[in-house]
Amino acid sequence: MEERHVLDDWQEEQTSDKIDQYRRALRFLFYNLGIGVLVAGRIGLLMVQYQNNPERGYAWFTGVPDLVIIGMAVIWLFSGLGLLAIFRARHERPTDLIFALVIVLHLSTFVISSIALYRMFSSPLHLPT
């Protein structure tokens with residue numbers, strides 16, 4: 001009788017269970033869309049709140065609430081993870097128009113969120129008084 005180790009069984013199950021990276025990339029794209037709607041809604045509420053007093057308001061992320069900063073950081077993280085997943089998915093399926101659009105959307109989201117985070121953290125935070 002052949003002796004089998006638990007580690008051998010685990011390695012066999014891991015190789016047979018393949019993660020669909022393309023679906024993971026699409027999931028991260030939908031997560032970004034949902035979080036982006038929440039962040040845009042919060043920025044819209046800020047604009048409405050400071051509509052009559054523009055000097056205290058929304059001049060490129062001065063005095064932004066934590067929800068916007070955390071939301072932008074999560075968008076940056078999910079777009080980076082989506083880029084990683086979509087680049088891993090190149091070997092799973094042929095490249096078509098939708099595949100290229102997912103790459104472009106993840107890349108543009110990553111660049112825009114990187115610029116927004118840089119502006120948020122490089123400018124001094126002026127808290128409203």
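**Figure 1. Nonpolar surface patch of Trp76, Leu77, Leu81 and Leu84.** In this predicted model, Trp76, Leu77, Leu81 and Leu84 form a nonpolar patch on the surface, and their accessible area together is about 340 Å². Patches consist of residues with over 30% relative accessible area and no salt bridge, where like charges are joined within 9 Å and nonpolar side chains (Val, Leu, Ile, Met, Phe, Trp, Tyr) within 5 Å. Accessible areas derive from the Shrake-Rupley method with a 1.4 Å probe, and for residues only the protein chains shown count as cover. Leu84 belongs to helix 3 (residues 66–88). Its relative accessible area is 42%, so Leu84 is partly exposed; buried denotes under 20% relative accessible area, exposed over 50%, and partly exposed the range in between (1.4 Å probe, protein chains only). The model is predicted, and local features need pLDDT of at least 70, side-chain atom pairs count only at pLDDT 80 or more, and totals for chains, interfaces and linings use all residues. Residues are numbered from 1 along each chain as its sequence is written, and side-chain values use heavy atoms, with hydrogens and water left out.

**Figure 2. Overview of the chain.** The secondary structure comprises 4 helices and 0 strands, and the elements run α-α-α-α from the N terminus on. Helices (H or I, at least four residues) and strands (E, at least two) are DSSP runs, numbered from the N terminus. Of the 129 residues in the chain, 26% are buried. The accessible surface of the chain is about 9500 Å², with 65% belonging to carbon and sulfur atoms. Among contacts in the chain with a separation of 6 or more, 82% involve residues 24 or more positions apart; a contact requires heavy atoms within 4.5 Å.

Figure 3. Val102 is located in helix 4 (residues 97–122). With a relative accessible area of 4%, Val102 is classed as buried. When neighbours within four places in sequence are set aside, Val102 contacts Tyr22, Ala25, Leu26 and Ile86. The C-alpha atoms of Val102 and Gly82 are 8.8 Å apart in space, while the two residues are 20 residues apart in sequence.

Figure 4. The whole structure contains 5 aromatic pairs. One of them joins Phe28 and Tyr31 in an edge-to-face arrangement, with 6.1 Å centre to centre and 75° between the planes. Rings of Phe, Tyr and Trp (its six-membered ring) pair if their centres lie within 6.5 Å; planes under 30 degrees apart count as stacked, over 60 as edge-to-face and the rest as tilted. Phe28 and Tyr31 both lie in helix 2 (residues 21–49), 3 residues apart, which is about one turn of the helix. Phe28 is buried at 13% relative accessibility, whereas Tyr31 is partly exposed with a relative accessible area of 40%. Tyr31 also pairs with Phe78 in a tilted arrangement, at 5.5 Å centre to centre and 45° between the planes. This second pair links distant parts of the chain, with Tyr31 in helix 2 and Phe78 in helix 3, 47 residues apart. Phe28, Tyr31 and Phe78 form one aromatic cluster.

Figure 5. Side chains of opposite charge can pair when their charged atoms come close. Arg23 and Asp20 form a salt bridge through their side chains at 2.9 Å, N to O. Arg23 is exposed, with a relative accessible area of 58%, and Asp20 is partly exposed at 32% relative accessibility. A salt bridge also connects Asp96 with Arg93, where the closest N and O atoms are 3.2 Å apart. Asp96 is partly exposed at 33% relative accessibility, as is Arg93 with a relative accessible area of 27%. The charged end of Arg93 additionally sits over the ring of Tyr22, 3.9 Å from its centre; this assignment requires NZ of Lys or CZ of Arg within 6 Å of the ring centre and within 35 degrees of the ring normal.

Figure 6. Gln21 lies in helix 2 and is buried, at 8% relative accessibility. Apart from neighbours within four places in sequence, Gln21 is in contact with Ala85, Arg88, Ala89 and Glu92.

Definitions and conventions
Salt bridge = Lys/Arg side-chain N within 4 Å of Asp/Glu carboxyl O.
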